Structure formats: structure tokens, C-alpha cells
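Please read the following points with the sequence and the structure at hand.

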Amino acid sequence: MLFEGAIRSLERAEMGFQVDDPGESNETIHNNIHRTQEILHELNMGLDLANGGKLAETLRALYEYIARRLVESNLRKSVEGVTEARRHLGVLRDAWALMLQGQGSPEPSGSMMAA
């Protein structure tokens with residue numbers, strides 16, 4: 001759900017770049033990037049670095065990278081970082097969904113083993 005919320009906020013931020021009124025555009029971009037940053041903070045704080053091993057470390061680095069790109073995009077009012085962040089979060093959302101689907105079966109499916 002957090003990934004979905006972050007992606008929706010980034011989609012709204014991207015739409016803000018299309019708004020003609022500069023004040024409304026900046027507000028839409030800023031507010032939606034800020035919401036995504038709050039979600040990234042929650043995801044980051046939920047990581048168990050002591051027991052999560054390399055995966056937790058990699059996710060932390062990725063969340064921090066995405067957060068930096070969003071700060072840059074917000075300051076420069078540049079859509080590129082927002083689009084990149086949305087793409088990364090979409091990949092993560094899809095990977096978690098696929099992993100959770102596989103938890104219901106006693107044996108990994110062929111597609112899971114090939115991944």
C-alpha cells in the first residue's frame with residue numbers, strides 16, 4: 001500500500017508539471033513530492049538492518065537515492081527525477097507483489113525460480 005501511495009503521489013506531481021499556473025504547478029509538485037518523501041521515510045525506518053542483511057542495506061541505499069532525486073526535482077522543478085523515482089518504486093512494488101504471490105504455494109513456481 002505504501003508503494004501504491006508513493007506512486008500515486010508521483011503521478012500527481014508529474015501532472016503538476018503540466019499545470020499552466022506557476023503557483024498551482026509548484027504547489028502540486030511540492031506537496032506530492034513531499035508526500036512521497038514521507039512514505040520513503042516510513043519504508044526506510046521499517047528496514048531491519050541488523051537482521052535484514054544485504055537486502056535491507058540495498059533497499060536503504062535505494063530509498064535514500066530516490067529521496068535525493070526527489071529533492072533535486074523539487075528544487076529545480078524538473079520532472080526527470082520524479083519520473084525516475086516512480087519507475088523505481090513501480091519495480092519494487094511489482095517485485096514485492098510477485099514475492100508475496102509465491103508465499104501462498106508450497107513450491108516456488110517456475111517463473112519465480114527463473115527470476
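Predicted model: local features only at pLDDT ≥ 70, side-chain atom pairs only at ≥ 80, totals over all residues.

1. Helix 1 contributes Phe 3, Glu 4, Ala 6, Ile 7, Leu 10, Glu 11, Ala 13 and Glu 14. Their partners in helix 4 include Val 79, Val 82, Leu 89 and Trp 96.

2. The axes of helix 1 and helix 4 come within 9 Å and cross at roughly 155°. Angles over 145 degrees count as roughly antiparallel, and helix 1 and helix 4 are therefore roughly antiparallel to each other. Their crossing is left-handed.

3. Helix 3 also meets helix 4. Among the residues of helix 3 in this contact are Leu 59, Leu 62, Tyr 63, Ile 66 and Leu 70; those of helix 4 include Val 82, Ala 85, His 88, Leu 89 and Trp 96.

4. The axes of helix 3 and helix 4 come within 8 Å, with a crossing angle of roughly 155°. That makes helix 3 roughly antiparallel to helix 4. Helix 3 passes helix 4 in a left-handed crossing.

5. Helix 2 covers residues 22-45, and its 24 residues should span 34 Å at 1.5 Å a residue. The C-alpha atoms at its ends are 34 Å apart, which agrees. Asp 21 caps the N-terminal end of helix 2, with a side-chain oxygen 3.3 Å from the backbone nitrogen of Gly 23.

6. Which residues of helix 2 are buried? Among them are Ser 25, Ile 29, Asn 32, Ile 33, Thr 36, Ile 39, Leu 40 and Leu 43. The buried residues of helix 2 pack against helix 1 (2-16), helix 3 (49-76) and helix 4 (79-102).

Note on methods: Residues numbered from 1 in each chain as written. Heavy atoms only, no water. Helix = DSSP H or I, 4+ residues; strand = E, 2+ residues; numbered from the N terminus. Expected span 1.5 Å × (residues − 1). Buried < 20%, exposed > 50% of the residue type's maximum accessible area, 1.4 Å probe, protein only. Contact = heavy atoms within 4.5 Å. Polar contact = N/O pair within 3.5 Å; in protein donor to acceptor, adjacent residues only side chain to side chain. Axes fitted to C-alpha atoms, helices over the stretch in contact; angles between N-to-C directions. Parallel < 35°, antiparallel > 145°, perpendicular 65-115°, else oblique. Left-handed = near helix turned anticlockwise from the far one by under 90°.
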